[in-house]
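Q: Please take a close look at one part of this model for me. I would like to know what makes up the side of one chain that touches another chain.

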4 protein chains.
Amino acid sequence: MPKIVDKELMKKSIINAALQSFLKYGFNKTTMDQIANETNIAKGTLYLYFKSKDVLISSITELHFKKLLNDLLPKEYCQTLEQLLEYIKNALLINEEDSKFIPIFFEAFGSKLSSDVFMKDYKNLFDKIGYFYAQNFKILIQNNQVKPTLNTETFARVLVSMIDGIILHKGFFKIEERKYSIMVEDAIDVFRLGLSKV
Amino acid sequence: MPKIVDKELMKKSIINAALQSFLKYGFNKTTMDQIANETNIAKGTLYLYFKSKDVLISSITELHFKKLLNDLLPKEYCQTLEQLLEYIKNALLINEEDSKFIPIFFEAFGSKLSSDVFMKDYKNLFDKIGYFYAQNFKILIQNNQVKPTLNTETFARVLVSMIDGIILHKGFFKIEERKYSIMVEDAIDVFRLGLSKV
Amino acid sequence: MPKIVDKELMKKSIINAALQSFLKYGFNKTTMDQIANETNIAKGTLYLYFKSKDVLISSITELHFKKLLNDLLPKEYCQTLEQLLEYIKNALLINEEDSKFIPIFFEAFGSKLSSDVFMKDYKNLFDKIGYFYAQNFKILIQNNQVKPTLNTETFARVLVSMIDGIILHKGFFKIEERKYSIMVEDAIDVFRLGLSKV
Amino acid sequence: MPKIVDKELMKKSIINAALQSFLKYGFNKTTMDQIANETNIAKGTLYLYFKSKDVLISSITELHFKKLLNDLLPKEYCQTLEQLLEYIKNALLINEEDSKFIPIFFEAFGSKLSSDVFMKDYKNLFDKIGYFYAQNFKILIQNNQVKPTLNTETFARVLVSMIDGIILHKGFFKIEERKYSIMVEDAIDVFRLGLSKV
DNA sequence: GATGAATGAGAATTCATTCAT
DNA sequence: TATGAATGAATTCTCATTCAT
């Protein structure tokens, strides 16, 4: 009988160690040796769990994007504008941890971003979120919650960009918590006024 | 007698060649060899103009941020909300080209982003823009153009993030021109309603 | 109580799997993992039967050379030239399978061929065959079957080289069966004429 | 002006150093580091001249096969049997140096030998030589030098295999010069008798 | 005996930078 | 100034072998 190992746990340990190193030194500056050391395993073992550095960063990315999708996408359509705004607000507030990952993502995939194959995945992610918001806006119009003149589709897409921009700036520029929460309130206020009927 | 060379012109050629390669292959995948070839000079010559790859990307970055600052920052304070909105709109429409540079920036500096010394420069850039908008909002409040309850400083900062997010998504996800211009209109509308007095 | 296993059978399974992989991917490209997988045993088990990859290939080689020796070496001295030629002919025709092993042998032992200790084994093999033929030639001379001027020893050795060359080319270059059998006839004819008394 | 270097000379130095190491330690055991050291250049420089270890061994192989072709292929058709035999004899005697390369070739390309693309090159080489001999045999038949019943094509091909076998055994088994030269004579004698009219 | 997870020495290759001409 | 050959540190990935269970 071989050593009994919780493979998922090991993967998590590695991902954790890798993430810490990536955050500290950047993706390119972090070597597989470092990650192995940080995880307290041999380099060969590392490759047992992730076939390459690419696979490793891709796995981490996938996890983060899943989480992002989960955070940005309400489970069901909101019936009132306030509900939706509340949801957006939470999305904006939640992501301390995740927002720090964004620069790593760009560093790792920067050179592939132009590759359509690759980018499509992420375009789809935001399009999906945009689509959801667009549908929700239609419902909110029916519910008399939002001005009927709204271009549901395009506004939803621009809203997603704005949200992403805010999260991104937070991650990059380490905006302090206090100031950031007011910024979020301000953003929500503008969205409310911009969307409300009359 | 030294050869007579327009140093600045040469630098521009190099920057241009480098930028094209960075856009095409990413920062890390682009080698100094490639850049030299593309510029039609020898590798040694390249190093006469830019002491290192780091210096080169930093120079390019500086240029781009200067341009960005120029695009996003009105020359003088706007006296009406509509003027300001017009300005923002133009900023959003102008920057097709520049937005493509952002991933390169992230890729190149990703590993240094944690370095506060480094990041401060870029944080400052956006803070500066934010500061300008904040001041302008104060003027617009005085001019009775904007609701007096606005948190000028924080809103200015979040506005900058949103603008950046929109530009970025355009650059990344190649949103089609038609759709994008409507998105811009939508964004402006929301800003207008969100800022207007009652 | 230990599991009851037919050790020899297991060894044969492993050798078989290894050989298939070696033939398909070459010796160096074939990993111990692959061999274990192909044999449907765990890698650790593989090492219970063969202490190392070297031991494994050596075992296989030994088997093949034994077989080769068997094929090339008549059981007893031939009393007529025709008998000997018949024997050579059969040797040339039999060895389709074995000739494919030769490149593997070279690939595996290439780096050790200079080691005299190692090479001696295989040199001896051919010398042994050569020696047998030499002895047989002496008998055939006595029997008035072969011209008495023959340098029995050297000719025997060159004959072995030629036979080996023919087998080898067949294995390597996949000479078609039809053509090959004529080639064999041609070779035998030349040997006959070259050896016959006047 | 950069350093002035005779590139071809450098390539030759590298090939020489590589060949020495390959002969001494085998292809796989020889590292690019070793070759660089042996050539007294840095590893990076080595890669300036040969893009990979594969390219290096391929270049060496090509050189050797060219030489082999040159050695085995008469410049023009021989008009008498003795001329042809003389030619074959020389081919067999020349190749002290080259024959040592054969095991290296097998070690390096062993795993690709089954690949039809690869093997075709070498099959063609020997087929070419075979074709030449076949044509020459036809001429020799017309010239009344060789028995007219000879299967020119198949015999030519088997002759090539035999020659290759002899050269190969010499390279592998380090047959001593004295003995080898007698073996060559023996082989030539057999060929003469086997081919001669009556 | 059997398993397969863990190990880590090694190897090939890259590329920013230097430097002799 | 300009050149491009030379450098060698650094990095990813492989795989035979070991070993805890």
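A: What follows goes through the contact between chain D and chain C, then its surroundings. Keep in mind that this is a predicted model.

Start with the count. Chain D puts 40 residues in contact with 40 residues of chain C. Where on chain D do the elements giving two or more residues to that side lie? They are α1 (7-25), α7 (101-109), α8 (116-142), α9 (152-173) and α10 (177-195) of chain D. The largest share comes from α9(D), which supplies 13 residues. Sorted by class, the side of chain D that touches chain C holds 21 nonpolar, ten polar and nine charged residues.

Now the nonpolar packing. The largest nonpolar core has 110 residues. Two of its residues, C:Ile163 and D:Ile163, touch the most other members. Take D:Ile163. Leaving aside residues up to four places away in sequence, D:Ile163 touches D:Leu72, D:Ile88, D:Ala91 and D:Leu92.

Next, the contact between chain A and chain B. Here 40 residues of chain A and 40 residues of chain B take part. On the chain A side, two or more residues each come from α1 (7-25), α7 (101-109), α8 (116-142), α9 (152-173) and α10 (177-195) of chain A. The most come from α9(A), with 13 residues. By class, this side of chain A has 21 nonpolar, ten polar and nine charged residues.

What about the other chain pairs? Chain A does not touch chain C, and their nearest C-alpha atoms are 10 Å apart. Chain B and chain C do not touch either; for them, the nearest C-alpha atoms are 30 Å apart.

Finally, chain A as a whole. It has ten helices and zero strands. Read from the N terminus, its elements run α-α-α-α-α-α-α-α-α-α. The C-alpha trace of chain A spans about 70 × 35 × 35 Å along its principal axes. Chain A has 198 residues, and 40% of them count as buried. Consider its contacts between residues at least 6 apart in sequence: 65% of these join residues at least 24 apart.

Back to the part you asked about. The side of chain D that touches chain C draws its largest share from α9(D), and 21 of its residues are nonpolar.

Definitions and conventions:
Residues are numbered from 1 along each chain as its sequence is written. Chains are lettered from A and ligands numbered from 1 in the order in which they are written. This is a predicted model: local features need pLDDT of at least 70, side-chain atom pairs count only at pLDDT 80 or more; totals for chains, interfaces and linings use all residues. Helices (H or I, at least four residues) and strands (E, at least two) are DSSP runs, numbered from the N terminus. A residue is buried if 20 or more other C-beta atoms lie within 10 Å of its own, exposed if 12 or fewer, and partly exposed in between; C-beta atoms are placed from the backbone. Two residues are in contact if their C-beta atoms, placed from the backbone, lie within 7 Å. Ala, Val, Leu, Ile, Met, Phe, Trp, Tyr, Cys and Pro count as nonpolar, Asp, Glu, Lys and Arg as charged, and the others, Gly among them, as polar. A nonpolar core is a set of buried Ala, Val, Leu, Ile, Met, Phe, Trp, Tyr and Cys residues joined through C-beta atoms within 7 Å.
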